[in-house]
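Subject: Structure handover

Hello,

The structure is below. My notes on it follow.

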Amino acid sequence: MMVIPVGFGRATSLLIKRFSWFQADCLVRRKHSSYDVAIVGGGIVGLASARELIQRHPKLNYILLEKEKELAFHQSGHNSGVIHSGIYYTPGSLKAKLCVRGAELSYAYCEKKGIPYKKCGKLIVAVEQEEIPRLKALHERGLQNNVQDLSLIDAKEIQEREPYCRGLMALDSPNTGIVDWREVALSYAEDFCEMGGTIKTRFEATDFQITKESHKDSTDGLKYPITIRSSKETAIQCSYVVTCGGLYSDRLSQKSGCSSEPHIVPFRGDYLVLKPEKHYLVKGNIYPVPDPKFPFLGVHFTPRMNGSVWLGPNAVLAFKREGYNVFDFDLRDFTDAVSYSGVQKLVLKNLVFGVNEMYRGIVIAAQVKQLQRYIPALTVNDVSRGPSGVRAQALDKDGNLVDDFVFDGGSGAIGSRVLHVRNAPSPAATSSLAIGEIIADEAGKRFKL
Ligand SMILES: Cc1cc2nc3c(=O)[nH]c(=O)nc-3n(C[C@H](O)[C@H](O)[C@H](O)COP(=O)(O)OP(=O)(O)OC[C@H]3O[C@@H](n4cnc5c(N)ncnc54)[C@H](O)[C@@H]3O)c2cc1C
C-alpha cells in the first residue's frame with residue numbers, strides 16, 4: 001500500500017502517475033478513520049462527483065472506494081473517447097442539458113489542466129434518401145438543445161471534409177471532439193486527493209449496515225452510523241454514501257436498502273481498428289443517422305488521441321457484466337439477466353436486431369459491410385479486431401430501455417443517507433463534470449451538508 005501525504009505537488013503527482021500510482025492504494029495520511037461522505041465507484045462519474053463535493057464542502061472528510069486496483073477501469077476506460085456535443089437527446093432531458101453543459105466544462109477543464117484533446121468535429125451522414133428526414137429532425141433537436149455551430153451540408157461539402165466518405169447529406173458538428181476519458185478521470189482523482197480526499201482501491205463494497213447505538217468508547221456518538229463492509233472483511237464508517245457503480249449500480253442500490261429497479265443489463269461493444277497505413281481514410285468522427293428504436297448511436301469511425309482510428313462498436317447482450325471477451329461468462333450475471341422480465345421482453349422485441357449485432361461482432365466482413373456504406377474504399381484487409389467495452393444499460397421490467405440519467409435515493413435508516421447514480425449511460429463521460437454538479441446539489445439538499 002502506498003501512502004501519499006496531503007498536498008503533494010502537481011510535479012510529484014505526475015511523476016507518481018507515471019509509475020502507476022493509481023494501481024496502488026492511494027491513502028492520504030489523515031487522523032480520521034471515519035468519513036462524512038463515502039463515494040462508492042472510481043469511474044469518471046464517481047470521481048467527478050467526489051471532486052465537486054470536496055470542492056463545495058472542503059471541511060468534510062471524504063473517501064472514495066473502488067473495487068479494482070485501478071481507477072477508471074471499466075466504462076470510463078473502455079469507451080469511444082468522444083466529447084459529444086449534445087445533438088441526439090430529447091430536449092429538456094437531463095441527458096441533453098448535462099451533455100451540453102458537460103462538453104463545455106470538459107473543454108475548459110482540459111484546457112486548464114493541459115490534458116490533450118482535439119475538436120476534430122463530427123459528421124452524421126445520411127446515405128439513403130429515407131434517412132434525410134431523420135437527419136433534419138436531428139438538426140432541429142440539436143438546435144433546441146443549444147448545440148453550437150450545427151449545420152446541414154451536402155454531398156460535395158461532405159467530400160471536402162471527408163474525402164473518402166460518401167453521403168447525400170450530413171449534419172456537421174464542429175464542436176464534437178475527442179479526448180482520453182481515462183486521463184480526464186485520473187485528473188479528477190488527482191484534484192480530489194489534492195483537496196484532502198482519500199481514495200481506497202481494492203475495496204469492493206459488499207454490505208451497508210446502519211449502527212443503532214454508538215460504541216461505548218465513541219466520542220462521535222452516532223455521527224458515522226453507516227458501516228460499509230468489503231469483500232475482504234475490512235470496513236469503513238461514514239455518515240452518508242453516494243454510489244456511482246456503473247455496471248453494478250442496481251446491485252449497490254439493492255444492497256443499501258433501495259430498489260433494484262431499473263435493472264442494469266450489460267451490452268458489449270466490439271471495436272475494429274483501422275490499420276495505420278489506412279488512417280488517411282478518416283479525418284474526424286463519422287457517424288450514421290441513428291436508428292430511433294435503439295439508444296446506441298450505431299457503428300462509427302472515431303479517431304483516437306493516440307493517432308489510431310476505431311470503428312464500431314456493435315452492441316450485444318453480454319453474459320458477464322464486466323466481461324470484455326466474447327466467451328466471458330458469469331453465472332450470476334447470466335441468470336440475473338435471463339430471469340428478468342425486462343430482458344425477456346427486450347430480447348423478444350429485438351430478436352432480429354440482436355442476432356444481426358452478434359453476427360457482426362463475430363464476422364468482421366459483416367461489420368465492414370456496414371461501414372462501407374460510409375467509406376466504400378474500406379476493405380476487410382484494412383482492419384483488425386480491437387478492444388471492447390461494456391455499457392451499463394438500465395432496463396425496466398417491461399423491457400423498455402431507460403434512456404435518461406437516473407439519480408435517486410431511498411428511504412428508511414440507510415436509504416435516506418444514500419444517493420445513487422442509477423443510470424449513467426453515454427454520454428456520461430462528456431457529462432461527468434455536470435453530473436458532479438447535480439450530485440453535489442442533491443447531496444447538499446438531501447444530507448443537509
Ligand atoms: C463502448 C462504450 C463507448 C462509449 N463512448 C462514449 C463516448 O464516446 N463519450 C462519452 O461521453 N461516453 C461514452 N460512453 C459512456 C461512458 O463511458 C460511461 O457512461 C461512463 O464512463 C460511466 O462512468 P461511471 O463512472 O458511471 O461507470 P464506470 O466507469 O463503469 O465506473 C463504475 C465503477 O464502480 C466500481 N464499482 C462497482 N461496484 C463496486 C463496488 N461494489 N464497490 C466498489 N466499487 C465498485 C467499478 O469497478 C467501476 O470502476 C461509452 C461507453 C461504452 C461502454
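Helices (H or I, at least four residues) and strands (E, at least two) are DSSP runs, numbered from the N terminus. This is a predicted model, in which local features need pLDDT of at least 70 and side-chain atom pairs count only at pLDDT 80 or more, while totals for chains, interfaces and linings use all residues. Residues are numbered from 1 along each chain as its sequence is written.

Helix α6 covers residues 181-194, 14 residues in total. From first C-alpha to last, α6 reaches 20 Å, close to the 20 Å expected at 1.5 Å a residue; the expected span is 1.5 Å times one less than the number of residues. Because 12 of the 14 residues of α6 are buried, the helix is largely enclosed by the rest of the structure. Among the buried ones are Trp 181, Leu 186 and Phe 192. Gly 196 follows α6 and has a positive phi, near 105 degrees.

There is also an open sheet of 3 strands, in the order β5-β10-β6, with antiparallel pairing. Its edge strands, β5 (82-83) and β6 (117-118), each pair on one side only. Two strands pair if DSSP finds at least two bridges between them; β6 and β10 (residues 177-179) have 2, in the antiparallel sense. Ile 178 in β10 is the bridge partner of Lys 118.

Regards

Notes: Buried ≥ 20, exposed ≤ 12 C-beta atoms within 10 Å, placed from the backbone.
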